[in-house]
Amino acid sequence: MSKKIIAVLLSLVMVMGILALTGCNANNSNNAFAVPETGFNPDEVVEITFTHTMGAKLQEVLNTYIAEFNKLYPNIHITHQSAGGWGDINGQINTEIAGGNQPNIAYCYPDHVAMYNIAKSVVTLDNLIASDMAIPGTEEILGLTDAQKADFIESYYNEGLAYGDGLMYTMPLNKSTEVLYYDKDFFTENNLTVPTTWEEMWETCEKILAIDPDCYPLGYDAEDNWFITLCEQMETGYTSAENGGEYLFNNDANKAFVKELREYYQKGYFTTQELYGSYTSNLFVETTDTRCYMCIGSSGGASYQMSNNDTADGTFAFEVGVAPIPQYNAENRKVISQGPSLCILQGASTTDQQILASWLFVKFLCTNVDFQAEFSMASGYMPVLKSVTENENYANWLAKGNGYEYLVAKCVQIGIDGRDNYFVSPAFNGSSTARTQVGALLLKCLSGEAADDAAVDALINTAFQDAIDECEY
Amino acid sequence: MSKNNANAVMQERDIHKITAGQLITRILSKSFTYIFLLIMALIVLFPFYWMIISSLKTLAEYRQAIPTFWPRQLMFVNYVDAFTTANLGDLFLNTLYVGLVSTLLSLVITVLSAFAFARLEFKGKETLFGMLLATMMIPGELFTITNYITVNRLGWMHTFTALIVPFLVSVFYIYLLRQNFMQIPNELYLAAKVDGTSDIKYLWKVMIPLSLPTLISITILKMMGAWNSYIWPKLVANDDAHQMITNGLRNAFTDTSGQANYPVQMAAVAIVSAPLFLVFLCLRKYIMSGVSRSGIKG
Amino acid sequence: MVDSKKHWKAWLYLSPAIILLLVFTVWPIFNTLRMAFLNGYGNMAAIGGQTFDFGIQNFVKVIEYKEFLQCLQNTAILCVATVPISTVLALLIAVALNSIKPLQKTLQTIFFLPYVTNSIAIGMVFAAMFNIVGLKQGSNMADTWGIINNVIQFFGGEPINWINAGSSYIANMAVMIIYIVWNALPFKILILLGGLQSINKQYYDAAKVDGTPKRRVLTRITIPLLSPMLAYVIITGFIGGFKEYSSIIGIFGEKMGPADDAGRLNTMVGFVYDALERDRQGRASAAALILFAIILIVTLINNKVIKKRVHY
């Protein structure tokens with residue numbers, strides 16, 4: 001039996017060889033969209049699809065604004081579906097692209113777009129944005145007006161350009177960032193000031209430890225974000241999207257700050273999700289056992305930072321304060337920008353009208369102040385337009401609010417205030433590996449066993465080398 | 001031979017006079033069996049218990065660093081949420097339809113193939129069977145993209161066909177049933193041939209009743225498969241008319257940032273598992289010695 | 001008794017299975033082979049218009065991978081350890097279940113329950129049982145040791161760092177083995193119980209009349225008559241063991257190892273997934289084929305050994 005199987009396998013291999021030599025590939029080499037001379041046709045019915053990860057509550061908001069949109073463009077029929085969570089959407093769209101069945105519009109992170117772009121499936125938006133072609137039956141133009149462009153928070157808008165070739169790939173929808181949550185009662189009681197730089201942070205940690213020796217002064221949920229943010233703040237180099245992707249993080253400056261963090265970790269100044277064994281936000285809201293008085297986490301996850309609601313009347317065990325994350329250098333303030341953008345996808349069967357319709361819808365979602373405001377209020381993410389803060393409903397929401405809403409509003413406010421400081425890490429095929437690897441390397445360096453200083457250096461060197469090897473493999 | 005006989009005679013004598021010592025051994029061995037089974041049962045039961053208590057927790061408690069073994073506050077409202085948020089009725093019917101149709105068709109295909117492999121002689125049988133086994137060894141994830149393209153070309157996107165047909169054949173089940181069929185003495189088949197009984201009739205009258213426990217095991221596994229399938233249905237038929245339970249649940253109970261609201265999701269899983277559990281309770285009777293064994297005499 | 005009519009019939013019975021397999025299994029395997037022999041093949045890149053040369057570079061790349069041996073080793077250990085343990089346990093449970101009268105129904109129902117338990121629940125329970133939360137660096141303090149360590153401490157033992165930062169490879173492997181065995185048990189019990197029910201009661205009646213001791217009944221009647229089912233669970237267990245991946249994700253998450261040593265527990269299929277995620281279908285296919293070759297050899301050996309012992 002085994003001989004026969006081997007014979008069959010060998011013959012299969014040969015057949016494959018022939019197939020491989022004669023194999024052909026679909027070829028659509030250019031993905032820069034050229035706006036057709038005839039422009040958008042408002043009389044022709046266009047079907048477009050939109051894949052996202054919105055929960056039920058956000059889908060309600062979306063449906064309302066699809067109805068609004070259809071008042072303007074009744075001929076554009078939009079079907080939307082949720083692909084589950086963030087972990088699922090890119091795998092699904094990858095497969096759909098392979099089958100030529102991709103949605104017209106998709107929720108995306110830069111890493112995802114980099115992957116879709118290998119298949120040249122992402123429509124670049126530059127020509128669409130620049131077009132001043134009038135849309136029949138409306139007073140609108142196809143592209144963005146100067147006023148619209150100026151209304152975008154610049155760093156969000158520039159995220160679409162993070163792909164190393166200067167072209168615009170995505171439009172920002174709603175964003176989140178990292179903020180520092182702290183126990184306001186504890187800080188007031190002990191006369192502590194909220195740290196604004198890392199140096200102050202470590203001083204504060206020392207003070208807190210003196211007050212409560214059993215605590216972790218600081219919890220940081222995402223190790224990878226921490227590493228990347230520090231690289232950006234110190235300008236020591238992380239990755240670059242040039243030349244199809246370069247890994248720059250294996251350098252002495254980064255090793256130095258990792259070593260410093262290790263010392264602080266060994267002193268018990270902080271913990272992270274993986275090191276602690278659970279979300280540090282859980283530690284933060286805890287009031288009985290081991291505590292953690294500061295916690296750096298996503299502004300979109302404010303609900304997890306709520307102190308335990310022990311009483312029925314809605315009062316909390318302690319007041320949660322929110323502040324921007326510490327900086328390394330006041331001259332070079334950097335904070336990571338996350339949250340969904342929108343990209344337009346194309347395949348062999350995508351028509352120009354579909355792309356135009358998709359663009360009109362993307363433009364609508366990203367530039368409509370009411371939608372941006374409502375979406376932000378429902379999700380806790382930050383609007384991408386400056387003028388949203390002037391929206392009356394939104395301003396009211398930001399100003400009042402209590403409990404959870406208050407916290408969300410606070411987060412959003414900090415996000416809006418820090419809008420000039422945003423960065424996004426470069427996106428290319430391999431950027432998600434780099435992110436995983438730096439997270440793992442930081443953990444290894446913080447907690448690995450090492451007897452003396454030389455051993456620590458050796459540990460750090462190996463960890464960096466291993467990470468870079470995995471990235472470049 | 002003679003030694004065996006002597007042994008048997010001796011033991012037969014022993015049977016008639018059970019000494020106190022033997023009684024104790026018997027009781028001990030019985031209690032040992034029970035203790036063993038009870039401990040294993042507890043271990044096996046633990047996840048089920050966990051699922052139930054998780055479904056009754058608040059999201060905050062669920063996410064706690066130190067898991068609680070009993071919810072502080074029983075959130076029966078999770079069940080209400082689960083019932084109202086997702087369109088459970090439709091999801092349930094879709095899944096039931098896919099589960100039943102694919103189980104039935106799959107059973108027919110499996111029985112026919114297993115019969116051919118167990119009873120019929122044909123050229124290349126061993127090689128073919130070996131190759132079937134070999135196909136089980138490649139990680140199925142590599143097939144996903146190719147199968148997606150195939151289904152797309154066949155025009156099956158967003159149909160129940162796409163959910164049912166690609167997974168009708170399971171080499172695992174063919175293999176399992178073949179093993180079972182091969183245990184049934186060949187003499188029965190040859191006798192049936194002499195009597196002029198057709199293959200199908202023989203299958204239906206003898207083979208199927210005798211391997212009912214295995215067939216029911218396959219049914220359970222197949223139904224469970226339909227209940228738990230997630231990635232493939234999401235790719236080929238995630239529209240409202242065809243959505244399956246797991247997909248519907250995952251989509252319905254994500255919070256604003258796209259993270260799952262596990263307690264409500266667990267509640268929903270518990271709700272949809274209940275009917276399945278009842279079906280199993282009924283089938284259990286058949287798996288457990290409800291089978292007539294009259295045909296095997298001789 | 002081989003006549004042409006029978007040939008014809010056999011193929012007729014097999015035709016539905018074969019047609020479906022050709023379309024949904026054999027064709028994808030062809031495609032896998034094609035991708036494996038195209039140097040640096042990536043699906044997205046192919047759609048984007050890139051072309052690839054025919055060659056064996058993918059295989060070279062896989063074998064050159066620094067952690068390749070580690071992946072192989074993990075896969076092998078998991079396989080060799082879990083299959084015998086879970087098979088023996090499942091056999092004992094099935095036989096014990098079959099031998100009792102009171103409580104039989106209740107216990108059977110309990111052993112069926114895992115089938116209606118959501119897989120997310122199973123993964124979470126396990127991680128929670130072994131997870132130590134808040135282990136302080138350099139001290140012997142933790143917020144919670146996890147239920148397993150609580151039991152150890154109850155009996156006066158020292159708590160063990162199973163899966164957290166600083167845990168040992170042996171501890172990690174022990175957890176994986178326990179988890180995989182646990183996961184495999186319900187399926188095996190179901191199959192073996194079904195098999196036991198198919199054994200003719202007459203054999204047991206005869207044994208009873210003969211007064212054969214229980215252990216002898218087990219080794220001389222039950223196991224030989226159950227051997228086809230045992231062969232089935234062992235062979236499929238090995239195949240499943242070689243494809244182990246999701247259980248590691250269940251305990252350790254995407255990093256496939258404790259916090260301070262990511263990737264320590266990576267397996268061959270884990271490697272395949274990583275490659276797929278980076279649009280390296282060629283490399284993934286090559287790794288899958290290497291794995292396939294290994295499983296094939298093991299299965300052939302298994303078959304040879306088992307064939308001698310299986311009693312039909």
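Predicted model: local features only at pLDDT ≥ 70, side-chain atom pairs only at ≥ 80, totals over all residues.
Residues are numbered from 1 along each chain as its sequence is written, and chains are lettered from A and ligands numbered from 1 in the order in which they are written.

Strand 1 (residues 46-52) and strand 2 of chain A run parallel and share seven bridges; strands here are DSSP runs of E with at least two residues, helices are runs of H or I with at least four, both numbered from the N terminus, and two strands pair if DSSP finds at least two bridges between them. Both belong to an open sheet of five strands in chain A, ordered 2-1-3-13-4 with mixed pairing. Strand 2 (76-82) and strand 4 (170-172) of chain A each have a single partner strand, so one side of each lacks a neighbour in the sheet.

Now turn to chain B, where an automatic or database domain assignment gives domain 1 (2-55) and domain 2 (77-296). Four residues of domain 1 of chain B touch seven residues of domain 2 of chain B, with contact meaning that C-beta atoms, placed from the backbone, lie within 7 Å.

Finally, chain B and chain C meet through 80 residues from each of the two chains. On the chain C side, helix 1 (residues 4-36) gives the most, with 19 residues.
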